[in-house]
Amino acid sequence: MSILEEISENLQHGKAKVVKELVQQAVDSGIDPETVLKEGLLPGMNVIGEKFKNNEVYVPEVLVAARAMNMGAQVLKPYLEKAGVKAVGRVCIGTVQGDLHDIGKNLVKMMLEGKGLEVIDLGVDVAPETFVNTAIEQNCQIICCSALLTTTMGVMEDVVKKAEEAGIRDKVKIMIGGAPVDEAFCKKIGADCYTPDAASAADAAVEFCRG
Ligand code: B1M
């Protein structure tokens, strides 16, 4: 097994310390940091993302894999910055106002980062104007809203309205997700995209950023 395959396998098993060591070893042996990311870390995260989507693994496995991914990515960060590897795009994400659930939002964030997107995490209980102002100030291509409560999902419509009022609706995509929302709700409120899970959210975001 090549060192890149070993990185992928260990990431899938959530062995963060081993992944960190292998990533450093790979870079030290002269493998291009971008190759380590694209052929070691990301394929491992993609496997986990697919398995999660198909209910073959569950939240705890995703969280430990994501932790391993993040530790590996931390090792690569300075090398990638030096090599000038550009982020695919910039996204702001948050759980909407009145809602404190953040496990799903954090998973989406990790998957987005795993796909090379720069993510501004606004946390939980985020007001519509905070999403919109952040998108303007930080030049985000996408606003990602998460909601877990039927009582808070309506805030997503306010985000769409605020983006219209601010005149940025044609410049920013609005993605929504979380247990109570669905495709029909997305259409109803005029958002751009609903995805049922973190892996497909990251895939859709990359597509939007590539234009
Ligand atoms: Co809350 N809670 N909770 N809770 N809680 C639910 C959501 C609930 C369904 C439980 C129930 O009654 N069966 C219910 C909502 C009912 C409803 O609205 N119809 C509920 C309630 C009522 C409440 C309180 C009101 C309880 C109370 O105080 N009386 C309260 C509200 C607090 C508030 O937010 N203001 C509350 C509090 C809490 C805790 C703090 C205890 C805790 C949250 C801890 C935390 O997040 N740090 C909690 C939890 C853990 C849950 C359950 C058990 C699990 C949620 C979760 O994390 N799931 C939940 C019941 C359940 O879902 N079985 C429940 C795992 C997570 C990975 O899934 O977030 O759906 P999820 O994310 C998925 C997808 O939805 C998607 O990707 C993720 C991964 O694939 N996704 C996106 C999410 N965001 C996305 C965005 C995207 C795309 C995809 O694009 C932008």
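Val59, Leu63 and Ile103 form a nonpolar surface patch with about 230 Å² of accessible area together. Patch members have over 30% relative accessible area and no salt bridge, with nonpolar side chains (Val, Leu, Ile, Met, Phe, Trp, Tyr) joined within 5 Å and like charges within 9 Å. Accessible areas come from the Shrake-Rupley method with a 1.4 Å probe, and for residues only the protein chains shown count as cover. The model is predicted: local features need pLDDT of at least 70, side-chain atom pairs count only at pLDDT 80 or more, and totals for chains, interfaces and linings use all residues. Residues are numbered from 1 along each chain as its sequence is written, and side-chain values use heavy atoms, with hydrogens and water left out.

- Val59 lies in helix α4 (residues 59-83); helices (H or I, at least four residues) and strands (E, at least two) are DSSP runs numbered from the N terminus.
- Val59 has a relative accessible area of 32% and is therefore partly exposed, where buried means under 20%, exposed over 50% and partly exposed in between (1.4 Å probe, protein chains only).

**Cobalt and the ligand shell**

- His101, through NE2 at 2.1 Å, is the only protein donor of the ligand's cobalt atom; donors are N, O and S atoms within 2.8 Å of the metal (3.2 Å for Na, K and Ca), and water is not among the atoms, so sites may look incomplete.
- His101 is placed in the loop between β1 (90-95) and α5 (103-114).
- Of the 27 residues around the ligand, Leu100, His101, Asp102, Ser146 and Thr150 come nearest; a residue is near a molecule or strand if one of its heavy atoms lies within 4 Å of it.
- α5 supplies the largest share of the shell, four residues, while α5, β3, β4 (173-177) and α9 (198-210) each supply at least two.
- A backbone N or O atom of Asp102 lies 2.7 Å from a ligand oxygen atom, and a backbone N or O atom of Ala179 lies 3.4 Å from an oxygen atom of the ligand.
- A polar side-chain atom of Ser146 lies 2.7 Å from a ligand nitrogen atom.

**The loop between β3 and α7**

- Thr150 lies in the loop between β3 (142-146) and α7 (155-165), and Thr150 is exposed at a relative accessible area of 64%.
- Thr152 lies in the loop between β3 and α7, but Thr152 is buried, with a relative accessible area of 4%.

**A buried arginine**

- Arg169, in the loop between α7 and β4, counts as buried at 17% relative accessibility.
- The side chains of Arg169 and Asp192 make a polar contact at 2.8 Å; such a contact is a pair of N or O atoms within 3.5 Å, where within protein one must be able to donate a hydrogen and the other to accept it, and residues adjacent in sequence count only if both atoms are side-chain atoms.

**Salt bridges**

- The count comes to ten salt bridges, each being a side-chain nitrogen of Lys or Arg within 4 Å of a carboxyl oxygen of Asp or Glu.
- Lys115 and Asp203 meet in a salt bridge (3.1 Å, N to O); Lys115 lies in the loop between α5 and β2 and Asp203 in helix α9, so the pair ties together parts that are 88 residues apart in sequence.
- Lys187 and Glu183 form a salt bridge (3.8 Å, N to O), and the two are separated by about one helical turn because they are four residues apart in helix α8 (residues 183-189).
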